[in-house]
Structure formats: C-alpha cells, structure tokens
Amino acid sequence: MSEPKKLYIKTYGCQMNVYDSERMSEALGGQGYVETQSPEDADMILLNTCHIREKAAEKVYSELGRFKGLKAEKPDLKIGVAGCVAQAEGEEIMRRQPLVDLVVGPQSYHRLPELEAKARAGEKALDTEFPEEDKFEKLKNRPKAKRGPTAFLTVQEGCDKFCAFCVVPYTRGAEVSRPADRILREAQELVERGVREITLLGQNVNAYHGAGPDGDMTLAGLIWELNKIDGLERIRFTTSHPNDMTDDLIEAHGTCEKLMPYLHLPVQSGSDRILKRMNRSHTAESYLRLIERIREARPDILMSGDFIVGFPEETEEDFQATLDLVEQVRYGYAYSFKYSTRPGTPAAERPQVDPQEADDRLQRLQALITRHQREIQDAMVGRTVRVLFEKPGRLAGQMVGKSEYLHAVHVSGADLSAGDLRNVRITASGANSLAGEVL
Ligand code: 5AD
Ligand code: SF4
C-alpha cells in the first residue's frame, strides 16, 4: 500500500467553516489523504477562509506567502484556498498568488476530489460555482469512526436578508434548507459514532424550512424530531435572526427537554435609526419584546448576541441606544465588532464614522458586555449545572466540559470520560471558566 498523502487544513471564521473543513477532509480522505497538524508534513495545504470582517483577503494573501519556502522545498505540495474568500475573490487569488493550485468556493467543495486530481496533474483548478446538485448528497457517506461528544451539523445555508454590511448573501448565496430526512440520518450516524450534543448550523438557522414528510418543516419541527433520537442528549442551534423567531421555536425552548437554554440572537445595534439603515427590518423595541417572550418560555435562558459599532452615520446618541439595549438584555456572551467595509455591500458607499471614535465605542461596549458576562458567570457559583464532559483539561486529572448554558466547567479528581453527562456543583468562577465538583 502506498503511504497516505497528508492534508493540512486551517480553518478561519465561523462554526460552519469548522463543519465544512470536516467535510472537505472527509472528501479528500477518499483520495487517500489523512490529516496532519503540521504544514511542513503536508502534501496539500488548504486554507478554509472567512470573509466576514476586516481585511480578510489580505490576511489570506500574507498567510499564503508564508508557504513559499515549503513549496520551493517540495514542488509536489499543492496549495488550495477554500471558503468565503475563495468565493469572493475567485481567479484573482491565482493571479495574485501563483503558489495557489486550487480555489474552491463553499458551495462546490464536494467537487474537491476532481479538483485535487486536476491540481495533481499540474493544472490550475478553480470552482466557485453555485452548482445545481446538492453537495451534501454527493458527500453523504460519512466515515463511521468514533468521534468526540459534540458535533456541528449544517441544516441551512445562505441568507436572503441582505443586511447592508454583510457579505454572506453574496459568498454563501441564497437561503437553502436541507431536507429533514437527510439531516436526521446524519444526526443518527453522528450519535452512533459517540456524539451526544449536536449544534445545528445555518447563517439564518431559524429560517429553516426543509422538506419534511408533510410539507416544509420549521426549525422547531426538526428539533422535535431530533429530540426523539436515543443517545442524543443535547440540541443547540446558531445563528438566528430575530424576525424568524417563530412561536413554535419560542415554545420549544420551554418544553423540549433536549433543547439547551442558550440562544444566540444577534441584534447588531440598539438604535432604530441605525437598524433601519442596516436593513435589519426589526426595531430595538420589537427585539426586546421578543426576548421577554423567550424568557417567559424559558426563564433561565442565557442570551448571546452580535453587535456592530461605528456603522456608517452612527452617532453617539445611536451608540448610547445600543448600550441601553445591552443593559436591558444582559447577555451571557456577546460578540462586538467594529464596522468594516465589505466592498460590494450597500453600506460600503456611505459616510464612515471616524475610526478612533469607533474604537472608543467598541471599548466601551465591550467593557459593559464583559461586566454582565462576569456577573452572570459568577452567579453560577453554588448552583448545580449539568455538564457534558468533552476532553481532559490542562492540569493532570482534570476534565473540561460545557454546562447547559455553554459555560466551560473544569472538574478535577473525578473518574470521568469524554461523553459523560453529570450534575456538577459550581464552586468557583475563573477568568473564562467555572470549576466544580461532581455530585
Ligand atoms: N463589519 C463588522 N462586523 C460585521 N459582521 C458582519 N459583517 C460585518 C462587517 N462588515 C458581524 C455581525 C454578524 C457577525 C457574524 O459578524 O455582527 O452578526
Ligand atoms: Fe448577514 Fe446575518 Fe444579515 Fe444574513 S441576517 S445578511 S448572514 S448579518
């Protein structure tokens, strides 16, 4: 048997890219590749890129430049760019960086085996189409090997919302939902491989409307079906849009026992003037009312969100409205970003906020979010949470897992294995995690 070829794959950006990298690695597994953690060993280097924020393309070019020496030493080394930068830049990547042999967009990575063969034959291989065929169907046979207790599963891709700052509708394309039976089959297979928690992924996951046995199914419908799978203990989903938080999904948060009390629901801004300019089609008030209803259904739910500061024309008053909203919601986690221009999006043409002013706002917002985050995490001390253990911690005899609220929890000196689900009494709250003892 010939030596397996080695694949080094580096993943940037969101959880969907993590899932996509897994699938790309599996697709190349069929071509005789095994993964390596070091680019020096690799026969193929694949960068799975993200285009959502700040000079994404520039970062990719500088990363590619670093492989020049490797390629000189090993002329057979193939270098590929996948993901959203590949989609957005296409052929430009090969023009600007001749080291690159292969460019593949997020909707065509099921064609990797052919593209790899083409690159091996010494040709440049490029595919940034939005093909008719279903990539998931082409890649349907996943390996059967045992794996860790948590997994991502893409159920929906793309977005039709066209927020004025966002590249996703252009890089990932129009909203598409996978049929429910295929998702359920994949979930079942993951559970057979040892998975106990599945996070359903989609750029607009709560807009899910995949074909089911009796017409289209909602995300809540899909979650109730997943709830029936024996051995699957936890269900999460991300990322949601406020306008797609349907009644059945809110209700499921109160009644579906495997659905975890954590919800990532980006609002982006607390100012109606800015929300309108962002083309968000909801107001701060409607968002707050929505959260009230979600908390009525599930009082202990931990909220998470995304914010953009320094969106074109944002004034200090607009920014204050964002701080007010954050004060009202009190997020357990929140991610805040300084607006960065994405060429081709509507907001790119508008008057920009002074970068220093935007920096200052970002710091003030992050300070507030961090304060809430800390308070919410510290309030866990003395409480009993249920932890799904995932892996050994850094200290000897320590295991780390996640609570239902997604807090990392460390436990020492207990007889635990990855995949164990235990009640843990929280005894301390550290910088980014909790510590506790198994009951
Ligand atoms: N500038 C800054 N942040 C952005 N996001 C999306 N596009 C931009 C941009 N152009 C943020 C949004 C989104 C998250 C994934 O990234 O907050 O919810
Ligand atoms: Fe981008 Fe999300 Fe808006 Fe869609 S809903 S355009 S993915 S920010």
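How many disulfides does the count come to?

1. The model is a predicted one, and the count of disulfides in it comes to zero. C84 illustrates the result: the nearest cysteine sulfur is that of C50, 6.5 Å away. Two cysteine sulfur atoms must lie within 2.5 Å to count as a disulfide, and therefore C84 is in none.

2. C84 is buried, its relative accessible area being 10%. C166 is buried as well, with a value of 13%. Both are given this label because buried means under 20% relative accessible area.

3. The next point concerns the sheet. Six strands form an open sheet, in the order β2-β1-β3-β4-β5-β6, and their pairing is parallel. At the edges are β2 (33-35) and β6 (125-127), each of which pairs on one side only. From one strand to the next, the twist averages 20°.

4. Strand β5, residues 102-104, runs parallel to β6 and is joined to it by three bridges. Within this pair, L102 has A125 of β6 as its bridge partner.

5. Helix α6, formed by residues 112-120, packs on the sheet and touches β1, β2, β3, β4, β5 and β6. The direction of helix α6 makes about 165° with that of β5.

Key. Residues numbered from 1 in each chain as written. Chains lettered and ligands numbered in written order. Predicted model: local features only at pLDDT ≥ 70, side-chain atom pairs only at ≥ 80, totals over all residues. Heavy atoms only, no water. Buried < 20%, exposed > 50% of the residue type's maximum accessible area, 1.4 Å probe, protein only. Pairing = 2+ DSSP bridges. Helix = DSSP H or I, 4+ residues; strand = E, 2+ residues; numbered from the N terminus. Axes fitted to C-alpha atoms, helices over the stretch in contact; angles between N-to-C directions. Contact = heavy atoms within 4.5 Å.
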